[in-house]
Amino acid sequence: MTEPLPSKDQDDTGQADNHGLTNRLGEETSPYLLQHRDNPVAWQAWGEEALAEARKSGKPVLLSVGYAACHWCHVMAHECFEDPEIAALMNRLFVNIKVDREERPDVDTIYQTALALLGEQGGWPLTMFLTPEGEPFWGGTYFPPTPRYGRPGFPQVLQGIAEIYANDSARVDNNTKALKDALTRLSENQSGPAVGLAMIDQIAEHLAGEFDPELGGIRGAPKFPQPAIMKLLWRAWKRGGAKSLLNACDTTLTQMCQGGIYDHLGGGFARYSVDARWLVPHFEKMLYDNAQLLEILAWVWRDTGNPLYEQRIRETVAWTLREMIADADGSGQSPSGAFAATLDADSEGEEGKFYVWHEAEIDEVLGAEAALFKAHYDVGRYGNWEGKTILNRSAAPELADADTEARLAAARDKLLARRGGRIRPGWDDKVLADWNGLMIAALAELGPLFGEADWLAAAEEAFAFVCREMVRDGRLCHSWRHGRLKHPATLDDYANMAAAAVALFEATAKRAYLDQAEAWIDVLDRHYWDPAAGGYFLTADDTPGLIVRTKNAHDNAVPSGNGTVLSVLARLFYLTGKDAYRARAEALVKAFAGEVNRNFFPLASLLNGIEFLGSAAQVVIIGDRRDAATQALLAAARQTSAPNRILMTLEPDAALPESHPAFGKTQSDGQATAYVCHGPTCSLPIVEAEGLARALGGQAVS
C-alpha cells in the first residue's frame, strides 16, 4: 500500500488541516472513553456532530470500539493511540470516533455484525472504517503498530484504507451497499411452526454432547460460561431425567467454581478462560456474568445440595455488595445503591497482576499454614502460568473436611488482606440499566432462598435507583455515571429491568413492582415492536443516528432481549390474567420460530421462554406474610427446584384475577394455604411445606 495522494486537506508538509478538531473525550462520562482523553488522537464521541464533521471534511471515519476491562483494547491504545506519529496519521486521514461498547451496544452490534459479514472474526477492540454517513466498508479488530502476528501494521492499514477511499469510490460504494443490504436482511427474522418440548429436548441432548465430560463447558478453548445453555440443559434434565444433561451442568459448574476463572480470595468469576481447563482467565470481572452464574448455581444447588455451590454463591454476592456498588459522585464516599459494570483485567499495565502469586509471597504471609494451602491451591516454585500461580483447586475439586476447610478459609483471608495492598485493577463504575436488571433479578431470587434479607434489600435499592435516576421523560435511559444520564435505552434495558421487577414482585408481593413491569412492556410495544414481521428491535423507533435497526433472538454474553421479554410476557400473563400478554408472547415465538431450524445454538433464552410459556407451575400462597406457617410454605416453594414456578402471595382477603385457575379458592380452615396450578387445573389445598414440595415435583440427584 502506498502513501495516499495529497488532498485539499493537506498542506505542503503533508499535515492535515484538522478543521479545528481536538480530543473531546474529556467531556464524556464513560471510564473507557476517559482513558483516551489524553491520547494525541482527536477522538470524537459517537453522534451526528462527528459524522457531520466527516461530511464537511470529506474524510472517512475511523470507528474504534472497546470497553474499560478489555486487555487488548489497552494494548492497542498503548501501542498505537498513544504514539504521536500514528496519531498524527489518524488525524490527517480520518475523523476518529471512539465508542464504549457497553454504553452503546446498539452501535457495537451493527458494526460487529458488519465485520462478520466481511468474513472476519469479531471482538474488541473493534476497528471499522465508515463513510461519513456511518456506512461500513472495511474493518478488523486489533492491529499492531508494525506488522506481526500475521497482521499488517496499523499505519499500513490507515494509509491503504485512505488511498482506497480517495481513489476507488466504486469499490467503497459496492462494499457499503452490500454490507448495508446484508445488515438489513439479518434483521428480517424467520417465522415458523410451533416449537414443542420434543424439539427442545433434542436440542438439549445435542448441546450436551458438545460439553467436555471431564472439564465441563463446550469442548476446546477458549471456554465461556454459557449460563443460558446450562439453564436449557437443566430444564431438560428436570423433564426427562437424562444424566448426560445433569452431568454437563454439574461438571461445568464444579470445574468453574474450583478453577482459576474463579477468584478464590475475593469472590466472583472472570469473563472466560483462555484455556480448556478453566485455569487461565481473561481476568476482567463483569457484572452480567456473575449475575447469570448466581442464578444457575442456585438452580443446580437446589437439586444437588452441593455445599460448594452455596459457598460460591455467598462469596460472589459478598464480592458484588463489597466491590460493585457504583459511586454516586466520584468521591468514593457516596455509594449510589446501583451496581457498577466491570473490573479491569489489568493493573499496572499487566494483565492479571493483581490476582496472581509467587510461592515466596504465600510462604511469607501464611508461615506454618503455607504447606497446606499450597497443596490445595496448586502453588509451586515455578507457578502454573508464566512463572506465577493462578490459585485453583481443579486437581481435587471436592471440598475437604470441615477442619481443613476452616484452615484454608483463614489462609484465604490473610492472602486477601495482603492482596488489598496491591494496586487495584481499573473499575468501571458506570451504571447500565440492563446489567443492573440481571443482578437485581438474581438477588431477588437468592435473598429469600438463602434467608438473606440484605441481598433482597440491595436488589430493591438498586431497582429504586434505576427508576429514580435513569428515567427521562418517562423513558428509561441506558447509562448513568456520577449524576449524568446518557444514551437511549435498548430492548435489553427494558427486558432485564422488567424481569427484575417481576422477580421483586414474586419476592415481596409489592404490587408496584408488577405495575412497573407492565409499564415497561407497554413502552416496548409502542416503540420497539415490529408490526410487520413481529419481534422487538434492539433500538426504539426514535433512536437517532443508526444505519439499521437490528433485531434477533440470539444470546451473546448476555441473554437475548427477545428471549428475556418472552419470559416476562409469560409471567405477566400468568400473574395478571391479561390475555394480551399471552397473545404477544405467542406472536414473539412465531416471529423467531424459523430461526430454530437455522441455528439453535444461540437461542437458549428463547427456547427456555417457550418452555416456560407452555409449562408454568403457578403457586398461590394465601396467608399473612408475617405468619410462620406462610413463611414455611414460601420457603418450600423457593427451595424446591422448579424452573417454571411462578409465585404469588395473597393476603387472606385479597382476590386473584378471574381468569386465574385458582380464582375463588380460599384458605383451608383459616390456615396458610397453597395451591399449585398447571394449566386450568389446581391441586387440592396444601397446608404443609412438605406437601407443597412434593406437589412441585421436588427431586434430589441420586
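A residue is called buried here when its relative accessible area is under 20%, exposed when that area is over 50%, and partly exposed in between (1.4 Å probe, protein chains only). By this criterion cysteine 80 counts as buried, because its relative accessibility is 0%.

The structure is a predicted model, in which local features need pLDDT of at least 70 and side-chain atom pairs count only at pLDDT 80 or more, whereas totals for chains, interfaces and linings use all residues. Residues are numbered from 1 along each chain as its sequence is written, and side-chain values use heavy atoms, with hydrogens and water left out. The mean pLDDT of the chain (the predictor's confidence in each residue, from 0 to 100) is 94, and 97% of the residues reach 70 or more. Over residues 1-17, however, pLDDT stays under 50. For that segment the model has 30 contacts (heavy atoms within 4.5 Å) beyond four places in sequence.

The cysteines may be considered next. A disulfide is a covalent bond between the sulfur atoms of two cysteines. In this model a disulfide is assigned to a pair of cysteine sulfur atoms within 2.5 Å, and the count by this rule comes to 2. One joins cysteine 70 and cysteine 73, with the sulfur atoms 2.4 Å apart. The torsion about this S-S bond of cysteine 70 and cysteine 73 is about 80°, so the disulfide is right-handed. Both cysteine 70 and cysteine 73 are buried. The disulfide between cysteine 677 and cysteine 682 has an S to S distance of 2.0 Å. Its torsion is about 100°, and the disulfide of cysteine 677 and cysteine 682 is therefore right-handed. Cysteine 677 and cysteine 682 are buried. With the bonded cysteines numbered in sequence order, the pairing reads 1-2, 3-4. Cysteine 80 takes part in no disulfide, and the nearest cysteine sulfur, belonging to cysteine 73, lies 12 Å away. Cysteine 477 is likewise in no disulfide; the nearest cysteine sulfur is that of cysteine 467, at 13 Å. Cysteine 477 counts as buried because its relative accessible area is 5%.

Secondary structure follows DSSP: helices are runs of H or I of at least four residues, strands are runs of E of at least two, and both are numbered from the N terminus. Two strands pair if DSSP finds at least two bridges between them. An open sheet of 3 strands has the order β8-β11-β14, with antiparallel pairing. Its edge strands, β8 (285-286) and β14 (427-428), each pair on one side only. Strand β11 (residues 342-343) is joined to β14 in the antiparallel sense over 2 bridges, and leucine 343 stands opposite tryptophan 427 in β14.

A parallel arrangement is found elsewhere. Strand β19 (residues 617-622) pairs with β20 in the parallel sense over 6 bridges, and glutamine 618 has isoleucine 646 as its bridge partner in β20. From β19 the chain crosses through helix α23 (residues 628-639) to β20 in a right-handed β-α-β crossover; with the strands pointing away from the viewer, the path from the first strand over the helix to the second runs clockwise. Strand β20 (residues 645-650) is largely enclosed by the rest of the structure, because 6 of its 6 residues are buried. In a regular strand the side chains alternate between the two faces of the sheet. From β20, Arg645, Leu647 and Thr649 point one way and Ile646, Met648 and Leu650 the other way, all of them buried.

Finally, threonine 176 lies in helix α7 (residues 169-186). Threonine 176 counts as buried because its relative accessibility is 6%. Not counting residues up to four places away in sequence, threonine 176 touches Thr131, Glu135, Pro136 and Phe137.
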